[in-house]
Every structure is written in C-alpha cells, then in structure tokens.
Amino acid sequence: MKRVAIITSSDTGYRGEREDLSGPVIREIVEEAGYDTVLMEVLPDDREMLSKRMAEIADSGAAELILTTGGTGFSQRDVMPEATEDIIERRVPGIPEAMRAYSMTITKRAMLSRATAGIRKGTLIINLPGSPKAVRESLEYIIDALGHGIEILTGEASNCARK
C-alpha cells in the first residue's frame, strides 16, 4: 500500500484559530484510492519549517507521496512552492500544469495558483490549492495517474509503455 503524508500550510490553522478543512478532504480522496495516510500535520506558513519537514519525511522514507495544501497563492506568507523547490531534486511540472489546466475549465482564478511538484529521493511532493473545493477538484483529477508515477519512482514498475 502506498503511503501519503499530508501537510497543511496555515498560520491560523497552526495557532488553532481555524479548522483545517482541506487536509481531511485530501485524506478522504487518497484513502478511497487505496493509500495509507501516515501523517497529517498543520504547519505555519514558514518556508524553512515546511521545507525541513518535507525533507525529513522524504529522507526517512516514511511516505512515497507528500500532498500539501495551502500557501500557493499571492500572499506574502504563501511560501509552499518555494519551500518545495528548496528541497526537491527533480521537478515534475506536468502535474501542476494539468491541475491548472483542468481548474481553468471551472474558474479563471486557477491561473493564479503557484503550485509546484517534484521528487526527493523516493517521494513525490505535490502542492495542492488551499480551499477544500479546489483540493477536491484538483486531486480527483490527478489521483489515478499518480499511482503509476509512484510505481515507476519506487521501482515497482519499470516502463510506461502500454501493452
């Protein structure tokens, strides 16, 4: 079973002033798709703290997938893409491109997302939007393809060619 870690980036959520609604949506979708949620955390919008935590998860091999929510907008405190870029070894631009393209069919505001994705060791890291509605739309759109990508990443599958 593939393991997923979920990180919500939110100053107010970290301080307990706001309930995390997006993390539970991610958990629902990934568990329905057969993933095991091994970690759910709410962290402040702090670039160093976010990057350090994602690196710890990837470096320890605790999860094959890290899904983040929040921190991908234009606010001065929105630093999740930068925190992700700080620690990834290889970029995976197709995933956020696909999410934005799909989301643009729903709202033009999707073009404002700064989400990124990449690989560190054997872990795929993907930034999702902050709103529960946008999380659901984006994750449901990409979830089926992620399984095969993770199998290639971890060596469970060796080829993308279809028979």
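## Before we start

This is a predicted model, where local features need pLDDT of at least 70, side-chain atom pairs count only at pLDDT 80 or more, and totals for chains, interfaces and linings use all residues. Residues are numbered from 1 along each chain as its sequence is written, and side-chain values use heavy atoms, leaving out hydrogens and water.

The labels are simple: helices (H or I, at least four residues) and strands (E, at least two) are DSSP runs, numbered from the N terminus.

## The sheet

Start with the strands. Six of them make an open sheet with mixed pairing, in the order S2-S1-S3-S6-S5-S4. Two strands count as paired if DSSP finds at least two bridges between them. Strands of a sheet pair through backbone hydrogen bonds, either parallel or antiparallel. At the edges sit S2 (36-43) and S4 (90-91), each pairing on one side only.

Arg120 has Thr123 of S6 as its bridge partner.

Helix H6 (residues 132-154) lies across S3 (65-69), S4, S5 and S6, and runs at about 170° to S6. Contact here means heavy atoms within 4.5 Å. Axes are lines fitted to C-alpha atoms, for helices over the stretch in contact, and angles run from 0 to 180 degrees between N-to-C directions.

H6 also meets helix H2 (residues 22-32), where the axes come within 9 Å and cross at roughly 25°. That's why H2 and H6 are roughly parallel to each other; the cut-offs are under 35 degrees for roughly parallel, over 145 for roughly antiparallel, 65 to 115 for roughly perpendicular, and oblique for the rest. H2 passes H6 in a right-handed crossing, the near helix being turned clockwise from the far one by less than a right angle. Among the residues that meet are Val25, Ile26 and Ile29 in H2 and Val135, Leu139 and Ile143 in H6. By class, this contact has eight nonpolar, one polar and three charged residues. Here Ala, Val, Leu, Ile, Met, Phe, Trp, Tyr, Cys and Pro count as nonpolar, Asp, Glu, Lys and Arg as charged, and the others, Gly among them, as polar.

Helix H5 (residues 94-104) comes within 9 Å of H6, axis to axis, crossing at roughly 135°. That makes H5 oblique to H6, and the crossing is right-handed. Ile95, Ala98, Met99, Tyr102 and Ser103 in H5 meet Glu137, Ser138, Tyr141, Ile142 and Leu146 in H6. Those residues divide into seven nonpolar, two polar and one charged.

How many aromatic pairs are there? The count comes to one, with rings of Phe, Tyr and Trp (its six-membered ring) pairing if their centres lie within 6.5 Å. The rings of Tyr102 and Tyr141 have centres 4.3 Å apart and planes at 10°, so the pair is stacked (planes under 30 degrees apart; over 60 is edge-to-face, and the rest tilted). Tyr102 in H5 and Tyr141 in H6 are 39 residues apart, so to speak linking distant parts of the chain.

## H3 and H4

Lastly, helix H3 (residues 47-60) packs against helix H4 (residues 80-87) at an angle of about 45°, with axes 8 Å apart. That makes H3 oblique to H4.
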